[in-house]
Amino acid sequence: MSAAREEMLGRVRRALGNRGGEVDVPREYRCEAHGGSLDRFVERLHDYGAGVRFTDADGVAAAVAEACAARGVARIAVPVGFPEAWRPGGVEIIVDEGLAPGELEAIGAAATGAALGIAETGTIVLDAGEGQGRRILSLVPDVHVCVVRAGQVVDGVPAAMRALAEGFRTTRRPVTFISGPSATADIEFQRVEGVHGPRQFEVVLVSD
């Protein structure tokens with residue numbers, strides 16, 4: 001082994017050997033929320049081509065059913081823990097208890113809750129928490145219906161990071177950031193939807 005390579009590996013070993021505990025990352029920047037967060041959130045979602053439906057806590061199931069009807073959904077997969085009060089009528093409900101990718105693709109639609117919404121970017125964050133299920137639910141089906149409570153919407157990415165930081169350290173669950181339907185224009189600048197996830201995205205925004 002060359003002396004240079006040994007020196008490099010030695011530095012890596014020393015650095016790894018001196019690792020400390022969790023690093024406290026300061027997040028004091030942009031602590032004040034800006035006004036109009038919900039309006040901005042909805043505006044951004046529309047910019048991405050997502051459907052947005054407004055309801056109160058008692059109307060979630062009906063709003064999800066309307067979203068399913070608008071997208072021609074007859075069957076929908078929901079995660080374990082998806083509230084009974086949110087489950088739409090007139091649609092076959094299939095609880096995801098380890099469905100294979102092929103089964104999810106055949107079902108063609110999924111409904112989940114959310115961890116956060118980010119107004120500035122129109123982004124919805126899933127962290128595999130209660131009612132959100134596995135990441136695969138937000139990637140394989142062609143239609144994703146996501147229920148977001150108004151109180152979960154923060155103004156910007158720094159606020160979202162502050163809210164999510166503790167979960168990053170403790171649960172180690174995967175976190176997914178969704179900004180509208182899946183789309184790419186990598187090939188000849190032609191927009192193609194559904195390459196990396198659902199082609200159709202519906203958001204049910206629930207007032208607090």
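In this predicted model, a salt bridge joins the side chains of Arg11 and Glu7, with 2.9 Å between N and O. The two residues stand 4 positions apart in helix H1, so about one helical turn separates them. Arg11 counts as exposed because its relative accessibility is 54%, above the 50% cut-off. Glu7, at 38% relative accessibility, counts as partly exposed. Helix H1 spans residues 3-17 and also holds Met8. Together with Val12 and Leu16, Met8 makes a nonpolar surface patch of about 280 Å².

The protein has 208 residues, of which 42% count as buried, and its secondary structure consists of 5 helices and 12 strands. The accessible surface comes to about 11,400 Å², with 52% of that area belonging to carbon and sulfur atoms. When contacts between residues at least 6 apart in sequence are considered, 71% of them join residues at least 24 apart.

Another is formed by Arg87 and Glu84, whose closest N and O atoms are 3.5 Å apart. Glu84 counts as exposed, given its relative accessibility of 60%. A further salt bridge links Arg71 with Glu202, and here the closest N and O atoms are 2.8 Å apart. Arg71 sits in the loop between H3 and S2, while Glu202 belongs to strand S12, so this pair ties together parts that are 131 residues apart in sequence. The surroundings of the two partners can also be described. Arg71 counts as partly exposed at 26% relative accessibility, whereas Glu202 is buried, with a relative accessible area of 3%. Salt bridges with shared partners join Arg71 and Glu202 with Arg53 and Glu66 into one network.

The nonpolar interior comes next. In soluble globular proteins, nonpolar side chains tend to be buried together. The largest nonpolar core in this model contains 18 residues, and those touching the most other members are Val64, Val73, Ile76, Val145, Val147 and Val204. At least two residues of this core come from each of helix H3 (60-70), strand S2 (75-79), strand S4 (109-112), S7 and strand S12 (200-206). Of the contributions to this core, that of H3 is the greatest, at 5 residues. Another core lies apart from this one and has 16 residues, with Val42, Val52, Ala114 and Leu205 among them. Returning to Val204, its contacts beyond four places in sequence are Arg53, Thr55, Ala63, Val64, Val145, Cys146, Val147 and Val148. Arg53 in that list is also a member of the salt-bridge network.

Gln132 is found in the loop between strand S6 (123-126) and strand S7 (143-149). With a relative accessibility of 5%, Gln132 counts as buried, because the cut-off for that class is under 20%. Its side chain reaches the backbone nitrogen of Asp127 at 2.7 Å. Leaving aside residues up to four places away in sequence, Gln132 touches Pro79, Thr112, Gly113, Ala114, Ala115, Val125, Leu126, Asp127 and Leu137.

How values were computed: Residues numbered from 1 in each chain as written. Predicted model: local features only at pLDDT ≥ 70, side-chain atom pairs only at ≥ 80, totals over all residues. Heavy atoms only, no water. Buried < 20%, exposed > 50% of the residue type's maximum accessible area, 1.4 Å probe, protein only. Polar contact = N/O pair within 3.5 Å; in protein donor to acceptor, adjacent residues only side chain to side chain. Contact = heavy atoms within 4.5 Å. Core = buried A, V, L, I, M, F, W, Y, C linked by side-chain atoms within 4.5 Å. Patch = residues over 30% accessible without salt bridge, like charges linked within 9 Å, V, L, I, M, F, W, Y side chains within 5 Å. Areas by Shrake-Rupley, 256 points an atom, 1.4 Å probe, with all protein chains shown as cover. Salt bridge = Lys/Arg side-chain N within 4 Å of Asp/Glu carboxyl O.
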